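This report covers one structure, shown below.

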Amino acid sequence: TEFGMVIDAHNIIPNIRAFEEVKILDEDIEKIKELSKDPQIHEKIRNSIAPTIYGMEKEKDALALQLFGGVPKVMPDGTKIRGDIHVLFVGEPGTGKSQLLKRVKDIAPRSVFTSGKGSSAVGLTASAVRDDFGEGRWTLEAGALVLADQGLAIVDELDKMRAQDRDALHEAMEQQEINIAKAGINATLKSRCSLLAAANPKFGRYDPYGVIADQINLPPPLISRFDLIFPIIDKINQERDRKLSSHILKSHRVGQILHYNEVRNDNISIDNEDMDLLTPEIDRVLLRKYIAYAKREVCPIMTEEAMKKLEDFYVDMRKQGIDSSSIPITARQIEGMIRMAEASAKIRLSNEVTEEDAQRAIDLLMYCLSKIGFDADTNTFDIDMVATGVKRSQADKMRIIKRIIEEGMEESEDELVSLEYIAEKAKEKLDMEFEEVEHLIEKMTTDGILCEPKYKHFQPT
């Protein structure tokens, strides 16, 4: 019922060029290889990422690893393991996370930048639209994750994206494919990209003692797919505040002088120390070629020492959860560390992942876990805070509260148990304060574990 469509073309210019197409000349390769021998290469690349933004050393280390990425693998049974590293920033207002994302976009050999609000037309995945110029048939328009294939997808305000995009992200981040079934079109699109995302806390400020899933508008299974999660908190610290304000003021002064010289055709000198502070240690064009060359040519293999380092760390961390019955880390974290260790080796253009690379991956993971996966109540690491959105200690208390309600129903005529009764029994059994009991019951009601047929009277669903 439809005629096939054919397009004759004399010339095709790609809209976005993949890193394989970045032109790297012989003299560029010489510079890249010479630069890779520098023992401070990791620090130089870190300092070349948004030097105008003060601090954030660990976050910039993670971004450097993400730009280079790990090694994608296809197992003998056909199983595919991604090499791309996913990073999430949960930042308070005014902490510079959006500016940091835009600077990374300028460095990456291939990148797509979008916003959770601004991606509604096509979305992050793909959408079916009618072709206005043809016969009105349906066609697929690629979204940000598809356009960023083999590159970097940067999504600001991830918490404000559409629900259907949020559901599709699970498959796109892990399997790195997007299956589309719209308007009679069934297709599988590739999304082999790293995801760099930023989100805002629900209530404006981030609570370092709370569970991360309660603070951003994202489901725990999606949050757990990020290899590294960084809360960016605006803390009051007089020494740091002075350094930060000085850095910002110097940045503006340099910008003012450069603008003045351009407008007035003048040549006011700039203090060398200020200029060095704000100038990338590696030129942006050269850094883009460096990343493209590493992604194209370097395929590092794990050494026995690096494998032993990661294995010992994983076993030791798991051992810590025996006494507390919590799960400090899972196999997902060890896969993330492997990717980061491979990226660390790529930065040195090395075909071997050394013990030092493994230690760098461990340090970054521990830094993130100390921010988002540490349960202050039990003084232990608990990955359930990220993976399920509930602390293990909190889950145990919720089970006991449910048992208290079930026991109270036997004594109640209408099978409803009052909040006062629950709080009294929880005080006896768990030494819990009324406010904590009320908070847990509110969470259990929101999650559908309890219902409230009568004001402040509960029963299991």
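A residue counts as buried under 20% relative accessible area, as exposed over 50%, and as partly exposed in between, with a 1.4 Å probe and protein chains only. The model is predicted, so local features need pLDDT of at least 70 and side-chain atom pairs count only at pLDDT 80 or more, while totals for chains, interfaces and linings use all residues. Residues are numbered from 1 along each chain as its sequence is written, and side-chain values use heavy atoms, with hydrogens and water left out.

**Leu-152**

Leu-152 has 5% relative accessibility and therefore counts as buried. Leu-152 belongs to strand E7, residues 152-156; helices (H or I, at least four residues) and strands (E, at least two) are DSSP runs, numbered from the N terminus. Beyond its neighbours within four places in sequence, Leu-152 is in contact with residues including Gln-66, Leu-67, Val-104, Ser-194 and Leu-196, where contact means heavy atoms within 4.5 Å. The C-alpha atoms of Leu-152 and Gly-69 are 9.9 Å apart, across 83 residues of sequence.

**The largest pocket**

A pocket is an open set of points on a 1 Å grid over the protein atoms alone, where a 1.4 Å probe fits and protein lies on both sides within 12 Å along at least five of seven lines; lining residues have an atom within 4 Å of a point. The volume is the space filled by probe spheres set on the points, which are joined across faces, edges and corners. The largest pocket holds about 760 Å³. Its lining has 25 residues, and the closest to the centre are Tyr-54, Met-56, Thr-95, Ile-232 and Arg-240. Two or more lining residues come from each of helix H3 (57-68), strand E11 (228-232), helix H8 (238-264) and helix H14 (355-372). H8 gives the largest share, five residues. By type, the lining has nine nonpolar, nine polar and seven charged residues; Ala, Val, Leu, Ile, Met, Phe, Trp, Tyr, Cys and Pro count as nonpolar, Asp, Glu, Lys and Arg as charged, and the others, Gly among them, as polar.

**Aromatic pairs**

The whole structure has four aromatic pairs. Rings of Phe, Tyr and Trp (its six-membered ring) pair if their centres lie within 6.5 Å; planes under 30 degrees apart count as stacked, over 60 as edge-to-face and the rest as tilted. Two of the pairs are tabulated.

| Pair | Centre distance | Plane angle | Class |
|---|---|---|---|
| Phe-68 and Tyr-290 | 5.8 Å | 80 degrees | edge-to-face |
| Phe-89 and Phe-230 | 5.8 Å | 55 degrees | tilted |

Phe-68 is in helix H3 and Tyr-290 in helix H10 (residues 284-297), so their pair ties together parts 222 residues apart in sequence. Phe-68 counts as buried at 0% relative accessibility, and Tyr-290 counts as buried at 1%. Phe-89 and Phe-230 are also buried. Ring pairs join Phe-89, Phe-230 and Tyr-367 into a cluster.

**Paired strands**

Strands E8 (residues 177-182) and E9 (residues 185-190) run antiparallel and are joined by six bridges; two strands pair if DSSP finds at least two bridges between them. Ala-181 faces Asn-186 in E9. Two residues lie between the strands of this hairpin, where Ala-183 takes a positive phi near 50 degrees.

A separate open sheet has three strands in the order E16-E18-E17, with antiparallel pairing. E16 (417-418) and E17 (450-454) are the edge strands, each with a single partner, so one side of each has no neighbour in the sheet. E17 is joined to E18 (residues 457-460) by three bridges, and Leu-450 stands opposite Pro-460 in E18.
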